[in-house]
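Please read this short briefing with the sequence and the 3D view open. Find each named residue as you go.

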Amino acid sequence: MMKAAIMGFGTVGSGVYEVLDRNADVVAKNAGDSIEVKYILDLRDFPDAPYQEKFIKDFAIIENDPEVSIVAETMGGKGAAYEFTKRCLLAGKHVVTSNKELVATHGAELLSIAKEKNVNYLFEASVGGGIPIIRPMFQCLTANHMTHITGILNGTTNYILTRMIDAGLDFETALKEAQEKGYAEANPAADVEGMDACRKICILSAIAYGDHVYPEFVETEGITKITLQDVAYAAQADCVVKLLGRAVLNEDETFYAFVAPHFVSKTCPLACVDDVFNAIMVTGDMLGDSMFYGQGAGKLATASAVVADIIDCARHNKKRRDLGWGDGSRKLVRPLEGFASRWYIRVSGADAAEKLAAVFPGCNMLQAVQEGEAACITDELTTADMKKAQEALSAVLGCMRLL
Ligand code: HSE
């Protein structure tokens with residue numbers, strides 16, 4: 001029997017316990033051994049949990065117990081989670097995690113410690129919750145140059161946008177509904193301001209391009225400024241508004257990486273990904289398009305990916321999986337200024353339509369959805385040129401790239 005520990009008994013951590021317990025038969029069959037949770041580390045008390053003897057508050061008990069060979073870190077954040085993960089790896093224990101913030105911030109370092117200590121640091125649940133995406137990218141797609149990674153990477157914002165599009169709710173009302181349903185956090189800033197999606201595209205591009213991508217190098221815009229007018233203009237253009245995390249490879253090995261709301265054509269499969277679902281489209285130069293779809297958040301969906309990593313550690317107890325990437329010093333992320341696309345832009349003013357026609361000659365003018373404004377779809381232009389055009393126009397109410 002193998003012994004494991006869970007650090008952090010929140011939504012995902014308690015889900016990990018539940019999956020290991022309810023699916024003990026299939027876990028044992030696939031791991032080649034049964035897996036028992038010996039400790040659950042959490043500062044809070046859980047008086048209703050039947051397995052009281054497992055709860056501990058002192059991390060050193062896990063660190064110093066040679067019987068514990070696999071640790072699931074489901075604490076989140078990059079404070080104690082970072083310290084404890086490092087110490088577990090240094091103590092020769094495999095660590096698995098759903099913590100995207102930690103992987104996006106310290107992944108290169110933690111993977112290098114894991115390599116040094118000949119243990120695994122696995123993080124399938126850090127992107128797309130229960131969707132298999134990390135392993136496909138590390139294994140099945142490796143014969144390709146991954147030219148594009150395009151993902152709906154955050155369930156909360158996708159739910160909010162879906163409700164704005166389908167039910168006509170404004171942003172605030174849709175956010176409140178997402179919170180009531182338990183999708184959004186009480187403080188949903190990391191979701192709605194795009195940071196969560198940013199961490200996830202950092203991880204995917206580090207895998208695809210082999211060097212750490214720090215969140216501060218990824219231009220990130222959330223959905224807080226999206227209005228029902230933007231949604232209506234998108235419909236006119238046969239598009240829907242989606243928050244996308246994107247990475248686009250250049251010929252010289254540099255790449256663009258960014259997060260922003262987009263007008264997504266209804267002909268693109270990503271346009272049909274609704275509610276809290278996530279999807280990641282990966283385009284390889286040999287493979288063409290592939291899409292990974294499923295539940296991007298939620299207790300058991302995310303826990304199923306964490307437990308799959310536990311099983312992988314059990315199977316590879318003495319044979320480390322060779323995962324890793326560079327320390328970020330290659331600085332492969334190219335500034336977004338040179339990235340070109342078509343754009344939607346909406347401006348206010350009595351002469352808004354004339355101004356748009358003057359700045360973007362030949363643009364596709366949309367039907368104004370309210371008095372005193374105009375909107376259009378431009379031809380392809382770079383981010384730098386769009387920024388200059390916005391300065392010339394002033395009074396810009398909305399602006400998004402098209403996909
Ligand atoms: N807050 C995240 C989301 C949870 O809404 O997608 C999963 O990473």
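This is a predicted model: local features need pLDDT of at least 70, side-chain atom pairs count only at pLDDT 80 or more; totals for chains, interfaces and linings use all residues.

Residues are numbered from 1 along each chain as its sequence is written, and side-chain values use heavy atoms, with hydrogens and water left out.

**Helix α1 against helix α12**

- Helix α1 spans residues 11-22 and helix α12 spans residues 299-315. Helices are DSSP runs (H or I, at least four residues), numbered from the N terminus.
- Their axes come within 8 Å and cross at roughly 65 degrees. Axes are lines fitted to C-alpha atoms over the stretch in contact, and angles run from 0 to 180 degrees between N-to-C directions.
- The crossing of α1 with α12 is right-handed; in such a crossing, the near helix is turned clockwise from the far one by less than a right angle.
- Ala, Val, Leu, Ile, Met, Phe, Trp, Tyr, Cys and Pro count as nonpolar, Asp, Glu, Lys and Arg as charged, and the others, Gly among them, as polar.

**Helix α2 against helix α12**

- The axes of α2 (residues 24-31) and α12 come within 9 Å and cross at roughly 35 degrees.
- α2 also passes α12 in a right-handed crossing.
- V27, N30 and A31 of α2 meet V307, I311, A314 and R315 of α12.
- Five of these residues are nonpolar, one is polar and one is charged.

**The ligand site**

- Residues around the ligand (a heavy atom within 4 Å) include N154, G155, D196 and K200.
- Polar contacts are pairs of N or O atoms within 3.5 Å.
- An N or O atom in the K100 side chain is 2.6 Å from a ligand oxygen atom.
- A nitrogen atom of the ligand lies 2.8 Å from a polar side-chain atom of D191.

Definitions and conventions: Helices (H or I, at least four residues) and strands (E, at least two) are DSSP runs, numbered from the N terminus. A polar contact is a pair of N or O atoms within 3.5 Å; within protein, one must be able to donate a hydrogen and the other to accept it, and residues adjacent in sequence count only if both atoms are side-chain atoms. Contact means heavy atoms within 4.5 Å.
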